[in-house]
Amino acid sequence: IVAPSSDRLELPLQVARPTPVGAFDRFGLVVGLVVGADAARGHALRATRRISAQEWWDDVVDGVAVSSSPVDVDPADVPTRFAAGVPAIGGNLAIAEFAAAGGVAPRTLLKLGLAVDVAPIEGAVTARYVELGFVADATFRCAQAFVDAPVALDPTALTLALALRQPSGGVVDCARGLQGNHARDGDDLVLTLPPLAGALAGQSWLALLQGEFAGAAGVTYGTTALVTLPGGACRFRAFPAITAPAPAANVAASGFAVAFTLPAGALHGWIELRSVAGAAPGETLLWQAALPPDATGFTFVALPTGVTSPLRAGVTYELTIAAMIAEGTTPPPRGYRDAFAYLRSIGLVERGVTQVVRTTVQVTAQ
C-alpha cells in the first residue's frame, strides 16, 4: 500500500482459501417443471445460496464461487424440466430462456423464471415448478453513459451479467454472458430487461457489464461496470495511461519504475505484476500494491537479501494499472485512506466502487 496515511491498517495479505472437503454444499434436491418453456430456444439454470451483491461481484468478476450444488436435470438439455441441488441454508433458482438454441451469440434474454428463498430439506426431494413469467420487454436507460467513453471501448464487446436485488438486500443470480440485451443509443446505454412490476415490484436489477478491448500494439484495456436499475448512474470512464515501460519492453529484474496516469475521479488505483510465462510449472509470481488517486508512478524495488522476490529474470509478466470509480458520488476527502484502513474486511462493492477500468501491457524481466 502506497502512503495510506491512515490511523490503522489491516494486514494486506492474500486470504488463504482452503480446499473444500466435499464437492458440494449441504443441499436438498429441488425438482419440477419449467412452465412456458419453448423447446426451440436456449435455456440456462442458476442455483445458488442466498448471497450479497459483494459475493455476486466476487463470483462474476473474480471467479470466487459462492455456491456449489449438483444439477441432475439441466433445462439447457431438457427445456421443460429441472432437478438441482439448493443449499439447505436456503437459496434461489433462476431459469433463463434465450432467443437462440444453445445460447448462441449474441446471447439475448427473452424470459426469466425465478424461485426465490427456497428452503429445501437436506437430503430430501422438494417439488417446485418454475414459470418463465418475466418477459424481457421493458427498457431501462442510463443517460450519457458513453459521453466520456474512450474510443477503444466497443459496446458490442461488452457482456452482461444480471442479478435481482431484493428489498432485504439479498441478491438472486439470474443470467450471465448476455450480449443482446444492451445497446448504445447515442450517448445513452439502453438495456432491455423484465419490468420491475408485479412480483418484482420494489426490487431492482443489478447489471454488471464487462469487456476487454485491444488498443495500440501490445496494449489491452478492460472495463467492469455495475449499474443499479432503475435510476442508477453509469458513465464509462477513460482507461489508465501507462507511459513507461513500453509494451513488450525488457525491464531489469533488480527493479524498475512504472509511470502512469489514473483517470479523473478515481477513488484509488491498483498496480499488479503477474507472471504469464517463464515461471516454474504451477507457480504464479505476483506483486500488487494499492495506490492513491493522484499517484503517477510506482517502483518495483529489489527486496532485502533472503526475501523471495516475485520479480525474476527470464519471466514475462502482465503489468496492469487499474482505477476504481464510485459512479454518482463525489470522492470523499478521506476516501483512499478510509478504504485501505479496511482493505481485507470491506469489499469493492461495499466500499461504493461501481466501475473498474484497467490497462495492461506485457514486459519481460532481464
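Modeller: Two strands count as paired if DSSP finds at least two bridges between them. The model discussed here is predicted.

Colleague: Over how many bridges do β5 and strand β6 pair?
Modeller: The two strands, β5 and β6 (residues 109-118), run in the antiparallel sense. The number of bridges over which β5 and β6 pair is seven.

Colleague: Which strand pairs with β5 over eight bridges?
Modeller: This pairing is also antiparallel. Within it, phenylalanine 98 in β5 stands opposite glycine 42. The partner is strand β2 (residues 42-49).

Colleague: How many residues of strand β5 are buried?
Modeller: Buried means under 20% relative accessible area. On one side of β5, Gly91, Leu93, Ile95 and Glu97 are buried, and on the other Asn92, Ala94, Ala96 and Phe98 are buried. The strand is therefore largely enclosed by the rest of the structure, and its buried residues number eight of the eight.

Colleague: How many residues apart in sequence are the parts tied together by arginine 50 and aspartate 117?
Modeller: Arginine 50 forms a salt bridge with aspartate 117, with the closest N and O atoms 3.4 Å apart. Arginine 50 is in the loop between β2 and α1 (53-62), while aspartate 117 is in strand β6, so the pair ties together parts whose separation in sequence is 67 residues.

Colleague: Is glutamate 327 buried or exposed?
Modeller: The side chain of glutamate 327 meets that of arginine 237 in a salt bridge of 3.3 Å, N to O. The relative accessible area of glutamate 327 is 16%. Because the cut-off is under 20%, glutamate 327 counts as buried.

Notes. Residues numbered from 1 in each chain as written. Predicted model: local features only at pLDDT ≥ 70, side-chain atom pairs only at ≥ 80, totals over all residues. Heavy atoms only, no water. Buried < 20%, exposed > 50% of the residue type's maximum accessible area, 1.4 Å probe, protein only. Helix = DSSP H or I, 4+ residues; strand = E, 2+ residues; numbered from the N terminus. Salt bridge = Lys/Arg side-chain N within 4 Å of Asp/Glu carboxyl O.
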